[in-house]
Structures are given as structure tokens and as C-alpha cells.
Amino acid sequence: MHKATTLEEHCARAVAAGSVRGDVAGVVQAMGGVAIELAAVIALGSLSGAPGAAVGSNKDGDVQKELDVRSHRLAMTALKKAGVAFVASEECDDVEVLDPQGTLAVAIDPLDGSSNIDTNISIGTIFSILPAENIDSKLGPFGGAGHRQLAAGFFVYGPQTALVLTFGSGVDIFTLDARDHTFRLTRSQVRIPPHAKEYAINASNYLHWDAPIRIYIDDCLNGENGVRGANFNMRWIASLVAEAFRILARGGIFLYPADARKGYENGRLRLLYEAAPMAFVMEQAGGMASTGRERILDLVPTSLHQRVPLIFGAADKVQRVARLHEDPHLDAERAPLFASRGLF
């Protein structure tokens with residue numbers, strides 16, 4: 001039986017075609033090795049020890065689990081061997097220097113969704129690869145806008161272990177073949193389906209949202225008799241990688257807005273190693289990613305662990321949220337005469 005293209009073969013072809021640098025391809029393959037090892041540990045669950053046990057907290061006060069620390073160490077070892085110069089990680093307070101002669105910088109969330117470790121929900125690893133150019137005295141190579149990314153992607157450790165990858169020329173998905181521990185290409189040039197009637201948001205925070213987000217969700221909840229003229233389904237997994245993978249597969253929109261709660265005023269997800277790589281992937285799949293007011297990939301970080309609101313998915317849905325932020329009262333589609341129960 002013909003076997004699908006491996007990650008190594010895919011990278012080699014991209015390098016030969018000149019669509020990706022060899023050092024970038026090398027880092028992606030190194031991250032693949034980390035993911036294979038992590039997938040095996042995660043699959044064992046508590047048989048591998050206590051992966052969900054709290055062992056400390058990071059600079060922002062988030063609880064660190066045992067598996068957070070283990071995944072960070074695995075990633076650091078692999079990235080150093082791959083010749084990466086600098087790493088910004090959710091698990092480190094400051095930029096880590098691995099190889100001063102290296103040509104690349106990597107921003108990474110070694111284990112996204114670690115609060116779900118003990119609940120058997122999909123978790124993952126998110127990464128962003130940048131040129132190691134010292135463009136900012138404080139943040140070094142991480143001080144530029146997200147559109148500087150050379151590659152980005154994420155792994156999902158779920159029923160299948162998958163890699164979503166972009167080199168800036170479309171999005172490809174690889175699935176880990178457990179029979180030979182190899183990532184194989186299973187979907188090429190993925191595009192976000194445009195017509196899905198799904199949205200993902202933590203509705204328990206409704207009272208804390210700004211008006212544009214409440215209006216958007218109210219319009220979805222009003223169903224076929226509202227201004228949207230259609231019934232919507234809500235999804236909320238509370239795992240960023242799983243939400244993103246579902247949108248690539250089925251379409252829709254993901255919203256994690258800022259809100260009025262203490263610590264959430266500027267959003268909650270990190271710009272460098274969560275929002276920016278996700279935005280790069282979504283745009284390469286024909287979608288959009290925004291704070292509601294600004295394109296994520298145009299944002300310039302002001303701190304290593306800066307948090308931002310994050311809204312991504314099908315382009316028309318993200319654009320609608322942006323219009324509501326501009327002026328929720330001027331959206332023509334909300335005028336009563338255009339509603340299914342309006343004048344016409």
C-alpha cells in the first residue's frame with residue numbers, strides 16, 4: 001500500500017523548491033520529534049506518573065503542571081540540538097539563549113491546555129519560528145510584528161496526534177502513524193470551510209463582555225428569526241489547539257475576547273506563542289485573526305508574555321465582529337427592516 005508523504009519528505013521537497021529555508025525545516029522536524037515523545041507520555045496518562053500534578057507557577061501566576069515542565073525541557077533540548085539561537089517559552093520568565101550562532105528564534109507554548117491533562121481532553125504544543133534578528137533592545141528577535149514569522153504550527157494530542165503546519169504558502173496537516181512513529185501528510189492546502197454555523201466562546205462570561213461581543217453572540221442565539229437568519233451551534237472545548245483544529249476541519253469562529261474581569265482587561269492568550277502562530281495558520285487557510293479591532297499579525301509585542309484578545313476563524317465571521325467593534329449601532333444588517341420579522 002502506498003504510504004503518504006512523511007514530514008521529512010515534505011520538508012525536503014519544500015527546501016528543494018526554495019519555499020522554505022533549510023534551518024526552518026530542521027526546526028520543524030525537531031519539533032516533530034518532541035511531539036512524538038510527548039504523545040507517548042500523554043497516552044499513558046497516570047501510568048507515566050502524575051502528569052497533571054501542580055509543581056509551581058509561572059511569572060504570571062498560572063499553575064505549572066508536571067507535564068508542562070517536562071514538555072518544556074524536551075523542547076529546549078531538541079531546539080538546542082537544532083541550532084536555535086533564542087527561545088521564548090510560556091514556561092520561562094525571560095528569553096532563553098540556546099545557540100548564539102543560531103539563525104532562528106522560536107516562540108513556543110510547550111503544552112497548551114494543560115489544565116485539561118486530567119480530563120482526557122485534547123491538548124497540544126504551539127510554535128512560531130522567526131529570524132534571529134535583534135530588532136528590539138528589550139525583546140530581541142521577538143520584538144517585531146507577527147507577519148515576520150517564517151513558519152508556525154501546532155500539534156494536537158488527541159484521538160490522533162496531528163501537526164498543523166504552515167511555511168507561509170498554505171496549511172498542511174500531518175497525522176502521526178503510530179505504527180512507525182512517523183508524521184504523514186493527510187491533508188494538503190487546507191481551507192477553512194466558509195458556511196459553518198458554529199461559534200466557540202465561554203458563555204459563562206457573558207455579563208463581563210463588551211457590547212460588540214454580546215451583540216454578536218445574541219445575534220447567533222436569536223437563530224433563524226434574528227438578523228443572521230440561521231440557527232447556530234455553540235462549541236467550547238477550552239483547549240486552544242482543539243478549537244483551532246475543529247475550525248480548520250469544520251469552519252466557524254473562535255472568540256476569546258477581553259472582558260471586565262480583573263486580569264482579563266487586555267485579553268488572556270499570549271501574543272507571541274499563542275495568538276500570533278494561530279493567526280498565521282488561520283490566514284494561510286483563508287481565514288482571519290483579530291483582537292476585534294486590530295489584525296493579530298500587525299501587533300508589535302511590548303512584553304514577552306503580553307496577553308491579547310483573540311478572535312479567529314472564517315473571514316466573514318471575523319469581519320462581522322470587527323464591524324461591530326467599529327460601531328455596533330451602525331451595522332446595516334442589524335436594522336429591523338432587514339430582519340426576518342421586520343418590515344419585509
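Contact means heavy atoms within 4.5 Å. By that rule, residues 24 or more positions apart account for 61% of the contacts with a separation of 6 or more in the protein chain. This is a predicted model: local features need pLDDT of at least 70, side-chain atom pairs count only at pLDDT 80 or more, and totals for chains, interfaces and linings use all residues. Residues are numbered from 1 along each chain as its sequence is written, and side-chain values use heavy atoms, with hydrogens and water left out.

**Overall build**
- The protein chain has 7 helices and 17 strands; these are DSSP runs numbered from the N terminus, helices being H or I with at least four residues and strands E with at least two.
- The radius of gyration is 20 Å, which agrees with the value near 20 Å for a compact globule of 344 residues. It is taken over C-alpha atoms, and the globule rule is 2.2 Å times the number of residues to the power 0.38.
- Of the 344 residues, 54% are buried, meaning under 20% relative accessible area with a 1.4 Å probe, protein chains only.

**Pockets**
- A pocket is an open set of points on a 1 Å grid over the protein atoms alone, with protein on both sides within 12 Å along at least five of seven lines; lining residues have an atom within 4 Å of a point.
- The largest pocket holds about 690 Å³, a volume being the space filled by probe spheres set on the points, which are joined across faces, edges and corners.
- Its lining has 30 residues, with G113, S115, A238, Y256 and L269 nearest the centre.
- That lining splits into 9 nonpolar, 8 polar and 13 charged residues. Nonpolar covers Ala, Val, Leu, Ile, Met, Phe, Trp, Tyr, Cys and Pro; charged covers Asp, Glu, Lys and Arg; the others, Gly among them, are polar.
- The second largest pocket has about 510 Å³ and 27 lining residues.
- Here α2 gives the most to the lining, with 6 residues.
- By class, the second largest pocket is lined by 15 nonpolar, 11 polar and 1 charged residues.

**Cavities**
- A cavity is a set of grid points where a 1.4 Å probe fits but cannot get out. The structure holds 2 cavities of 30 Å³ or more.
- The largest cavity has about 80 Å³. Its lining includes S128, F142 and L299, and α6 gives the most, with 3 residues.

How values were computed: Buried < 20%, exposed > 50% of the residue type's maximum accessible area, 1.4 Å probe, protein only.
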